[in-house]
Each structure stands twice: as C-alpha cells, then as structure tokens.
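Colleague: I'm new to this one. Can you put it up and take me through a helix, then some strands?

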Amino acid sequence: MTSATDIAPNDPAASMESAGAPCGLADAVATGELVSVPPPTSRIGNPDVSIVLATYNERENICDVIRGIFQNVAGDVEVIVVDDDSPDETWKLVEQMDDARIKLIRRVSTRGLASAFNRGIIESRGNVVGWMDADTTMPVELLAKMIEKLSQHDIAVGSRYAEGGSDHRHWVRTTASRLINGFAGFVLGYGIKDYDSGFVVLRRSVFDKVSIIPTGYGAYFMEFLYTCRRKGLSVVEVGYGFTDRTKGYSKSAPSAIKFLWTGAGYVTRILIARLRHID
Ligand SMILES: Nc1nc2c(ncn2[C@@H]2O[C@H](COP(=O)(O)OP(=O)(O)OP(=O)(O)O)[C@@H](O)[C@H]2O)c(=O)[nH]1
Ligand SMILES: [Mg+2]
C-alpha cells in the first residue's frame with residue numbers, strides 16, 4: 001500500500017495500538033469472503049479508475065466500502081482514502097489492509113470534507129475519477145453502471161431524486177434535502193435533481209475545465225456540478241435508493257443547530273455560485 005501522512009514519525013498517535021482487530025483477514029474469515037489470491041503488493045502504471053473516500057471516524061464502515069469497490073468495479077482500480085486523523089483510527093484499519101491498490105492519506109491537524117475530496121482527486125491517477133461517502137449509504141454496486149454512462153457523458157451522478165432513485169432516511173433529513181435541492185434547482189437550473197449528491201464518477205478531462213472549491217462541507221458539490229454544466233460538460237443522473245447509515249455517526253447533522261448551520265451555508269453557497277462569473 002502506498003501511504004502518505006502529514007504526521008511526524010515520532011508522533012505518539014502514530015504508534016498507538018489499534019483500537020480493534022484489523023478488518024482485513026479477521027473480518028474476511030468471519031464473513032466467508034476470504035479470497036485465495038493475495039492483493040498485489042506493487043503497482044506498475046496508472047489505474048483505470050480512482051475512487052476517493054473521505055473518512056472521519058468510519059472504522060465500522062471503511063473496510064466494507066473498500067472491499068465493495070474492488071468487488072464491483074472492473075479493471076485496474078485504486079482507492080484513495082483521505083482520513084483526517086480519525087480518533088477511532090480508521091486510518092490504521094486502512095493501513096492494515098496492506099493492499100497496493102489503496103492509497104492512504106492521513107491528514108493531521110486539519111478537517112474538511114471538500115478539502116479531503118480535493119486532496120484525493122489531486123493524488124488520483126485514473127482516467128475515471130469518482131468519489132463517495134464511506135458510510136455505506138451510497139451503494140458500491142451502482143459504480144459499474146455509473147462508469148458505463150461515461151461512454152456518453154462527462155459526469156455520472158448517483159441520484160436520490162432522479163428516475164429510479166429514492167430517499168429512505170428520517171423524514172426530517174429527507175425534507176431538508178429536498179428543500180435544498182429544490183432551491184438549488186431553482187437558482188442554478190440545468191434540471192439537475194440531486195445537486196448535493198456527493199456520489200459521482202467522471203472523466204478525468206473534466207478537471208481541465210473545472211476544479212473543486214475545497215472549502216466547507218457538501219455545498220462544494222452543487223457549485224461543482226453547476227460550473228460543469230455552465231462550461232458545457234454533460235451530466236447524467238443515475239437513480240439509487242439512499243438509506244440512513246446503520247453504523248457510525250453523522251458528521252453533518254450531529255445536532256439540530258449544526259444541521260441548520262450547515263443548511264444555511266448551503267443556501268449561501270448556492271447564491272454565490274449563481275452570481276460568480278469567474279472561477
Ligand atoms: N476526511 C474527512 N472526511 C469527513 C469529514 N467529515 C465527514 N467526513 C466523511 O464524509 C462522509 C460524509 O459524512 P457523513 O457523516 O456521512 O455525513 P452525512 O452523509 O451528511 O450524514 P449521515 O450520512 O446522515 O451520517 C463520510 O465518509 C465521513 O466519514 C472530515 O472532516 N474529513
Ligand atoms: Mg453520510
């Protein structure tokens with residue numbers, strides 16, 4: 001596994017014992033998923049597909065998501081995990097998977113969803129680049145279908161609100177999400193139904209025209225999609241059923257106040273995206 005870390009080698013956190021069993025072998029044996037061929041330990045050339053995962057305290061989910069990506073995406077695939085030094089040591093589980101197809105970036109003394117995805121994108125080398133949450137709410141099974149769509153489109157978005165999509169979360173989350181998406185659709189246009197999806201694959205060439213603005217939480221995604229469309233790139237939405245996470249805890253809505261604060265930030269950013277003409 002290639003691994004980049006901003007942590008000093010003698011940092012005490014770097015030598016802490018793992019908070020539990022590594023999710024590689026033990027989990028694989030427990031679930032009967034053990035494969036006889038060991039993962040490659042070295043890599044030559046660029047992968048076909050890079051999938052970026054941003055993680056903060058996802059130790060209960062990260063290994064399932066990584067394994068799911070490798071199982072569901074054909075070709076040479078790399079997974080880039082950008083972890084913000086999770087106190088639950090998510091990064092350590094990734095390290096212990098010891099797989100050359102995984103690149104781990106452990107950022108220390110910094111937090112941020114948009115900046116984490118941006119860092120992973122910078123490190124990616126695939127002709128197809130994608131990113132998604134690492135909490136199992138976004139189905140890895142959809143990735144193959146999304147990638148297929150790139151033969152005709154620049155960008156394929158996993159969508160809760162397009163045809164075939166559904167949102168099974170608590171009604172408060174669903175209503176808030178629909179309101180934000182309705183507002184984004186009204187202000188930004190282009191008929192995109194799930195503006196803040198955050199589940200995407202795209203052709204690398206997209207980054208010749210558009211970059212992520214790496215600040216804040218999920219609002220970066222709406223302005224990214226909007227700028228892509230404004231610059232003539234094509235976007236297709238692929239419907240899927242979205243469920244609440246079953247393990248771990250929400251970082252965007254740990255409390256009602258944080259939830260409202262995040263929502264207000266989204267609204268501001270939608271309006272700024274509409275008014276900005278240079279990016
Ligand atoms: N690197 C990094 N990842 C983060 C940060 N905040 C959240 N994440 C990850 O980003 C993804 C989305 O976060 P979630 O907690 O699922 O937020 P959400 O999807 O709005 O909320 P729920 O799905 O309801 O829990 C998950 O994979 C998180 O682990 C952060 O500050 N840094
Ligand atoms: Mg989530």
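Colleague: Which residues of helix 6 are buried?
Modeller: In this predicted model, the buried residues of helix 6 are Ser177, Ile180, Asn181, Ala184 and Leu188. They share one side of the helix, because they cover an arc of only 95° around the axis (the arc of the directions from the helix axis to the C-beta atoms). Buried means 20 or more other C-beta atoms within 10 Å of the residue's own, exposed 12 or fewer, partly exposed in between, with C-beta atoms placed from the backbone.

Colleague: And which exposed residues are on the face turned away?
Modeller: Trp171, Val172, Thr175 and Phe186.

Colleague: What covers the buried residues?
Modeller: Strand 7 (166-167), helix 7 (219-230) and helix 8 (256-275) are included. Contact here means C-beta atoms, placed from the backbone, within 7 Å.

Colleague: How are helices and strands numbered?
Modeller: From the N terminus, as DSSP runs: helices are H or I, at least four residues, and strands E, at least two. Residues are numbered from 1 along each chain as its sequence is written, and chains are lettered from A and ligands numbered from 1 in the order written. Local features need pLDDT of at least 70, side-chain atom pairs 80 or more, while totals for chains, interfaces and linings use all residues.

Colleague: Now strands. In what sense do strand 5 and strand 8 pair?
Modeller: Antiparallel, over four bridges, between residues 128-133 and 200-203; pairing takes at least two DSSP bridges. Gly130 has Val201 of strand 8 as its bridge partner.

Colleague: How many bridges join strand 6 to strand 8?
Modeller: Three, and the two strands run antiparallel. Val157 stands opposite Val200 in strand 8.

Methods: Two residues are in contact if their C-beta atoms, placed from the backbone, lie within 7 Å.
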